[in-house]
Amino acid sequence: KTHFTFGHTKGATSWTMEATENGKKYTVVFASSATTLDYAFVNNQKYPQIAEDFASTYATLKAIKADVFLSSHGGFFDLTEKAAQLRAGAKTNPFIDPQGFQRFVARMTRQFEEKLAAERAGKK
């Protein structure tokens, strides 16, 4: 399933799909980057609806009930650490991490809201 997650770029897109491991179904999310970098949210002439797009993206991501979180950057979902756990013989699949996805969405949302509030208050 396609999820439009605009903001980081005007065409940013995330996807979900179902996967099965050991007879159990999991929802996998491939989340586009949701970082705000150095973007201007107030009076952005090149992308006037950027703040609204980011807000919509975080609402969209929050509504996804993912079991497995993958993304455009391994650091977002602890790729290196989880892969090392698998190589070390982890008893459970470390990529099955719904809390990790929820933490990512909460962190990105909080950073956006803080940055937007600062811009609206006239702080850069």
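Biologist: Which residue does Thr 20 stand opposite in β3?

Modeller: Strands are DSSP runs of E of at least two residues, helices are runs of H or I of at least four, and both are numbered from the N terminus. Two strands pair if DSSP finds at least two bridges between them. In this predicted model, Thr 20 stands opposite Lys 25 in β3. Seven bridges link β2 and β3 (residues 24-31) in the antiparallel sense. Their hairpin has two residues between the strands, and Asn 22 there takes a positive phi near 50 degrees.

Biologist: How many bridges join β1 to β2?

Modeller: Three bridges join β1 (residues 2-4) to β2 (residues 13-21), and these strands run antiparallel. Phe 4 has Thr 13 as its bridge partner in β2.

Biologist: Which side chains meet in a salt bridge?

Modeller: A salt bridge requires a side-chain nitrogen of Lys or Arg within 4 Å of a carboxyl oxygen of Asp or Glu. Asp 97 and Lys 82 form such a contact at 2.8 Å, N to O. Asp 97 lies in the loop between α2 (79-87) and α3 (98-120) and Lys 82 in helix α2, so the pair ties together parts 15 residues apart in sequence. A search of the whole structure finds one salt bridge.

Biologist: Is Lys 82 buried or exposed?

Modeller: Buried means under 20% relative accessible area, exposed over 50%, and partly exposed in between (1.4 Å probe, protein chains only). Lys 82 is buried at 5%, and Asp 97, at 13%, also counts as buried.

Biologist: Which conventions apply?

Modeller: Residues are numbered from 1 along each chain as its sequence is written, and side-chain values use heavy atoms, leaving out hydrogens and water. Local features need pLDDT of at least 70 and side-chain atom pairs count only at pLDDT 80 or more, whereas totals for chains, interfaces and linings use all residues.
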